[in-house]
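I opened the notebook to go through this one piece by piece.

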Amino acid sequence: MQELYFTQKLPVSLDEAWNFFSNPANLRDITPAHMGFIVTSKHHGEQMYAGQIIRYIVKPVLGIPLKWCTEITHVVDKQYFVDEQRFGPYAFWHHQHRFTETADGVLMEDILNYKVPLGFIGDIVNALFVRNEVRKIFTYRNRILTERFGS
């Protein structure tokens, strides 16, 4: 099992941060274009809620499309939500999105636990490729969010 932790401070209100991040349509805007990320579910709504199912197509390697289905399992308004993979490229995926109001904006925290399939072969693939690619996605998000909201 792998655990990654990312933080970012944004100079916006908690309401503005929550409204942006709890809308599934905005995920594409903060995902690198080379990932070919497309939300394919049509009836997922405009705000996160517990039990929500969101389906995607993502092309993380060599443009090969992979179907990914996540469930929003937990939501506490303006505090956090959790997405968990139900079907997709990982053996396990649990991603907590936390939001804390600060004196100068919002502190966002991402706590990601994941497991690559295929046992020790997956561990090698993770060490050589996956972990770095996941980090690059969050580095990209950090840059895009800074451009959008400031720093």
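**Entry 1: salt bridges.** Ground rule for myself: I call it a salt bridge when a side-chain nitrogen of Lys or Arg sits within 4 Å of a carboxyl oxygen of Asp or Glu. The model is a predicted one, so I am reading computed positions throughout. With that rule I looked up E84 and R86, and they form a salt bridge, with the closest N and O atoms 3.1 Å apart. Is E84 buried or exposed? E84 is buried, at a relative accessible area of 17%, because the cut-off for buried is under 20%.

R86 also forms a salt bridge with E71, where the closest N and O atoms are 2.8 Å apart. R86 is in strand β5 and E71 in strand β4, so this pair ties together parts that are 15 residues apart in sequence. I checked the cover on both: R86 is partly exposed at 35% relative accessibility, and E71 is partly exposed at 21%.

Next I looked at D15, which forms a salt bridge with K78; their closest N and O atoms are 3.1 Å apart. Which parts of the chain does this pair link? D15 is in helix α1 and K78 in the loop between β4 and β5, and the two are 63 residues apart. D15 is partly exposed, with 41% relative accessible area, and K78 is partly exposed too, at 29%. Salt bridges with shared partners join D15, D77 and K78 into one network. For the whole model I get 7 salt bridges by this rule.

**Entry 2: the sheet.** I traced the strand order next. There are 7 strands in an open sheet, running β1-β7-β6-β5-β4-β3-β2, with antiparallel pairing. The edges are β1 (2–10) and β2 (38–39), each of which pairs on one side only.

I then followed the β2 end. β2 pairs with β3 in the antiparallel sense over 2 bridges. I38 stands opposite I57 in β3, and V39 stands opposite Y56 in β3. Moving on from there, β3 and β4 are antiparallel over 7 bridges, and Y56 stands opposite W68 in β4.

Why would I expect two kinds of face on a strand? In a regular strand the side chains alternate between the two faces of the sheet. For β3 I find Q52, I54, Y56 and V58 on the covered face, while I53, R55 and I57 are on the uncovered one.

Entry 3: Helix α1 (residues 14–21) packs on it and touches β1, β4, β5 (80–87), β6 (92–102) and β7 (105–115). The direction of α1 makes about 160° with that of β6. α2 packs on the sheet as well, touching β1, β6 and β7, and its direction makes about 5° with that of β1.

**Entry 4: a nonpolar patch.** Last, I went over the surface. Which element gives the largest share of the patch? Helix α2 (residues 119–149) does, with 6 residues. L62 is in the loop between β3 (52–58) and β4 (66–76). L62 counts as exposed at 79% relative accessibility, because exposed means over 50%.

Methods: Residues numbered from 1 in each chain as written. Predicted model: local features only at pLDDT ≥ 70, side-chain atom pairs only at ≥ 80, totals over all residues. Heavy atoms only, no water. Helix = DSSP H or I, 4+ residues; strand = E, 2+ residues; numbered from the N terminus. Buried < 20%, exposed > 50% of the residue type's maximum accessible area, 1.4 Å probe, protein only. Pairing = 2+ DSSP bridges. Contact = heavy atoms within 4.5 Å. Axes fitted to C-alpha atoms, helices over the stretch in contact; angles between N-to-C directions.
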